[in-house]
There are 4 protein chains.
Amino acid sequence: MASTYGNAIKLSIFGQSHSAAIGCAIDGLPAGIDIDLDALQDFMARRAPGSADTSTPRKEADAVEILAGITDGHTNGAPIAAVICNTNTRSGDYAELRRVPRPGHADFPARVKYANCHDVAGGGHFSGRLTAPLCIAGGIAKQALSQLGVHIVAHIAALGPQGVVDERLDPLTFSPQQRTAILDHSLPCISEHAAREMREAILAARADADSIGGVIECAAYGMPAGIGDPMFDGIENRIARIAFGIPAVKGVDFGAGFAAAYLTGSENNDSYRIEHGEVRPQTNHAGGILGGITTGMPIVWQMAVKPTPSIGREQQSVDMDAGSDASLVVRGRHDPCIVPRAVPVAEAACALALLDALLEDGYPLGARVDMAQRALM
Amino acid sequence: MASTYGNAIKLSIFGQSHSAAIGCAIDGLPAGIDIDLDALQDFMARRAPGSADTSTPRKEADAVEILAGITDGHTNGAPIAAVICNTNTRSGDYAELRRVPRPGHADFPARVKYANCHDVAGGGHFSGRLTAPLCIAGGIAKQALSQLGVHIVAHIAALGPQGVVDERLDPLTFSPQQRTAILDHSLPCISEHAAREMREAILAARADADSIGGVIECAAYGMPAGIGDPMFDGIENRIARIAFGIPAVKGVDFGAGFAAAYLTGSENNDSYRIEHGEVRPQTNHAGGILGGITTGMPIVWQMAVKPTPSIGREQQSVDMDAGSDASLVVRGRHDPCIVPRAVPVAEAACALALLDALLEDGYPLGARVDMAQRALM
Amino acid sequence: MASTYGNAIKLSIFGQSHSAAIGCAIDGLPAGIDIDLDALQDFMARRAPGSADTSTPRKEADAVEILAGITDGHTNGAPIAAVICNTNTRSGDYAELRRVPRPGHADFPARVKYANCHDVAGGGHFSGRLTAPLCIAGGIAKQALSQLGVHIVAHIAALGPQGVVDERLDPLTFSPQQRTAILDHSLPCISEHAAREMREAILAARADADSIGGVIECAAYGMPAGIGDPMFDGIENRIARIAFGIPAVKGVDFGAGFAAAYLTGSENNDSYRIEHGEVRPQTNHAGGILGGITTGMPIVWQMAVKPTPSIGREQQSVDMDAGSDASLVVRGRHDPCIVPRAVPVAEAACALALLDALLEDGYPLGARVDMAQRALM
Amino acid sequence: MASTYGNAIKLSIFGQSHSAAIGCAIDGLPAGIDIDLDALQDFMARRAPGSADTSTPRKEADAVEILAGITDGHTNGAPIAAVICNTNTRSGDYAELRRVPRPGHADFPARVKYANCHDVAGGGHFSGRLTAPLCIAGGIAKQALSQLGVHIVAHIAALGPQGVVDERLDPLTFSPQQRTAILDHSLPCISEHAAREMREAILAARADADSIGGVIECAAYGMPAGIGDPMFDGIENRIARIAFGIPAVKGVDFGAGFAAAYLTGSENNDSYRIEHGEVRPQTNHAGGILGGITTGMPIVWQMAVKPTPSIGREQQSVDMDAGSDASLVVRGRHDPCIVPRAVPVAEAACALALLDALLEDGYPLGARVDMAQRALM
């Protein structure tokens, strides 16, 4: 059940890096949710490899084709299916990978799991390219949430061995200025200075035939209180279950997160006060979640992205057919740093998790006939 | 679907802090797995509030009663059901909580979600007490895994604002010495010195009417390569989905984890060599997982535990019925630090996730009739 | 995942015929649904073996103990757990069954599946006794539905080789008279005459050391239109998925059902008219379901119950240990006809399926905080 | 979760009658299962509207395009995705349906459920056309099963108001002759005479501007004993859950099925004997299933198909916008009898259910690395 997610929705993601197409099916979305396909394509563009010198030279238009589930500009209640055709594939680059696994990639465990029957071209189903259909689904979820007044924003919080850091997202209130800044800068950072320094760190890694990772911070503003569940379907569990599905993510935390382990209870607890007649926490160390359930404060979380395993240097590996040591230089096209492209993917993951939780809690979305008007007897 | 977990197994956890009983049902375990109930009770004892001055004075024997699913010392293929009767309840302590939510606890979001119909006594279904049935299930899973040669060990990696740290678990090879040390020391640490310092940090927090958190590290040794899935059911996703269900856990990472964000690719990649005829990574920054699938190296992960929200100091809160600010002193019995008691819970979470993944991948467990002998036609 | 059911709810059933207890856990019910435990016990009594000469002499009080999930007379949002302790077990009767499988029972396939590690006493997890926890869950679901104005009624439609038939349930309108008659008669029939004839058929079968089966008809009145889903989660699929879990059920159909195969389209289609300003089908061959979705008409369905496989006569079987033919006389206590006791089980199955569908469609149940009042930002 | 099926596999079906494409995604199939795409297309052809005068004049090549999951002629372990492009759509025919619901179709309940935002063209997601992707998935499952020696055969058992009946499938042993006859005859019948009579019944219905239904019998030969589960995931439950997702199916039964209700226990029980050293039931009233688990005998089941609701006659309906009575003549292209085309769909349903159960029980399929060879530690 690798590639299927959700309780109220069922998201299925399919495709390999070099298969005929990649795509997704999303079952369970209510009818009558407006979907703006141009806005969806704009969201996809944030993930696509840029013209920039900071990402892979592989070019894919990533044009989304809706096959089903949307008519007249809104969801029709049937499953949404959407695909992106893979136009620019170079399967010749990857033949050796079946024998000599790339360190840090899934080549070796995949060969064991799939008894060498997997598709190795471009990383197959493990490719970061599969985050494109995740962004289709997440982009649709973002639009649905936005119609409820929920806005999701992510940025690069920290990057590279030098630890270049950006400003933090406002943990208490949605800042349209921060969102605009992130979209405007050359890298998705609140601070232009940080964007510039991060860009230099990426170029330095490329020049060094190496790669770097980073930390992405994401916040969802406007979530109503009381959504989510204790135990296995808390908001943390739901977001983490998608976020760890993004290739290269090795850590996820919420609010103060790992830093909370070093606070005292009196420091970490968020006090309540009444403001404008409403219960409101005064700080947000909890990241908007207590007992798995939303508090009404922004959902704030982070994910750690490891450095891209594909690097230009020679690495030690093995020849699995020969049973001998071997060395390897990864060929093909790859990013010296995938963190910038993972920023919209974090937003997509967050949107899907929150939408699923809202629907499971019966939150009214889309067009609905009042229950009282349904009864015939 | 808050309290249900698993793909090949279905674990259901039920109970409130002060209900008649707490317990679990586990569907999907193969028949013929030996279960040692004494060993299970010993495992439960590691979670139970100790006689020690470092934990809550609430006393519960936590005696596990097996209701179904085990006969003649082994699983019988029917769902396992087990309960612990709640003998020592003091529901009178908690009445005020319905109106004045405790900072850091789920009181406020629970009131919104359940429209004030939830059970507030002792934290209800949100209580840390619910980790007891998780340990029943996890203890059974640990026994099943141990019969496959998979051993799971956890300890306190770091504790408190001073950041007292323990030695690390061996990331490459199972160390029976480390396991023994963890079980022998006054707190579950590899280093006796660390155990002593951590104990002092807890006593200092108690004296200060405050609480502290920490980081737990957990490793599973002996997992075969090729288990798990890409995307939403990777080993990371599966462990995180349970771990975030443990009250107070706010972060989870794997292998180098958040630290990987500050490494270069050439540092973080684990090279392969052939050893004794087998493919073997030379380091384990991946925490035994690539592309969601086991590499055959130890599964190594950490979880951050926030400081116990129940503290002895007066805190700012609100009176939700009156709609006014209020102050609060949390009464009742509670731990100044739950990290030591969460150590076996981490092992339980890890065991359940790995067992579910092994079963989903068709790993043979328990007694089985050879498929070739089944055909009648 | 044998013993787990539901999308919006997760029902887990556990227990063996002679285990310490049988019971269920139900996750996902909203908080604030009133539960009348006396009424639940009354519902259980309809399934329990009667004092009557038509059922097994095994006596079980079937007293339901609520372990969790209900406080102050209503659901509290946490999973409900309930058990019935098995007080009257005679495990000695069943030892031979491990070797010599009873025709018509699950003994043989269970031995293969569970590699002879299953619990054979009293049929283990396959026992009809497991319909008791199904009735606990279904009885709770019936109460929840009844608060929405949905009423579920079942009766014996036909019984035995002579084909004794009862009147049909009204397919268009709820008849309180029919319900009362069913509860009042010696067997659950609308017609007293049918009840008497059926009773005689059962006594004749018992005298003949044989057993008989029958057909149960069930209807749910008051379901709003527009509930359910196309394809795999239609109302038919949902009911059938539970009904085939009732031991001895071998067929399920809806509305005209198998008879519809012998009608023309012009006969079988239900015409629409406007009545009192509402769309209303004029007949109900569809059994209240089109495209898997409720039409607002009563949900009407039938299930075929095979004759009890336990009979007093010698039967041909095999000795699986010896690999030789053998003969068998089933000992132990059993019913010559389980159809009457299966009537409330059909109601339970129907109630659970409909409740799950209503909740999945966001139908408001229990106490809820208005979504608009939740937003803090 | 309407359009998602399976425990070990996850099948998602998407598309509307007149959307850009219809298709499916199948997650969870092991790698290394050989797939013959020509044979798959041949299987699809059995469902496609024939050149025959007995079916709809709508022409669709139903050419299956594999988007992902299959490389080099075998499954690669990643989800399979496949689509059929809709080439021959006439959406103009269906505009009025939004207001005036067709009796017997899902138009009315769909309008309520989807608040009139659904796609009405050609029946949208409710169209029988959606059985095409079910046949893609089922055709793949059939190929996988066939590699295990499991063969699935279906035919028309009875048709129309006159009750034309075919011979029965052999309930004890696979008959290649029966399978050949079914594929060779003008309609899928064992008896050529029955095929001819059924064809005449269909032509008569068409001439009468009416439609007819029928009963399909399906058998799976070669299933090993011990597969399946008690309660909610028995083989009956699994097959029924898919079968009721086929439009127009209103009843499902197994083995003697509804007829078992009229047998005595001594007649209905299948005695065991030892044959060639194996336990073998002497009859197969159980349809190969006891306690939800396979007995090793053929799985035999039937499904009742109602007459096509689209008929050429004027019918009574309502105008939902005007709130007034209305009459309706269904336009567009439709079959006077869909039973022949539903025969391969029954096989597909059966194959998917059995494959899922086999995989869930750990039955080895595809290429697999021996577990013992995986361990690195």
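The contact between chain D and chain C takes 90 residues from chain D and 90 residues from chain C, two residues being in contact if their C-beta atoms, placed from the backbone, lie within 7 Å. The side of chain D that touches chain C comprises 44 nonpolar, 33 polar and 13 charged residues. In this classification Ala, Val, Leu, Ile, Met, Phe, Trp, Tyr, Cys and Pro count as nonpolar, Asp, Glu, Lys and Arg as charged, and the others, Gly among them, as polar.

This is a predicted model, in which local features need pLDDT of at least 70 and side-chain atom pairs count only at pLDDT 80 or more, while totals for chains, interfaces and linings use all residues. Residues are numbered from 1 along each chain as its sequence is written, and chains are lettered from A and ligands numbered from 1 in the order in which they are written.

How is chain D related to chain C? A rotation of 180 degrees with 0.0 Å of shift along its axis superposes chain D on chain C, with an RMSD of 0.0 Å, by least squares on the C-alpha atoms of residues with pLDDT of at least 70 in both. This is the relation of a two-fold axis. Both copies use the same surface, since 100% of the contact residues of chain D recur in chain C.Within chain C, the axes (lines fitted to C-alpha atoms over the stretch in contact, with angles from 0 to 180 degrees between N-to-C directions) of helices α1 (residues 37-47) and α8 (residues 339-360) come within 7 Å and cross at roughly 140 degrees. Helices are DSSP runs (H or I, at least four residues), numbered from the N terminus.

Note on methods. Helices (H or I, at least four residues) and strands (E, at least two) are DSSP runs, numbered from the N terminus.
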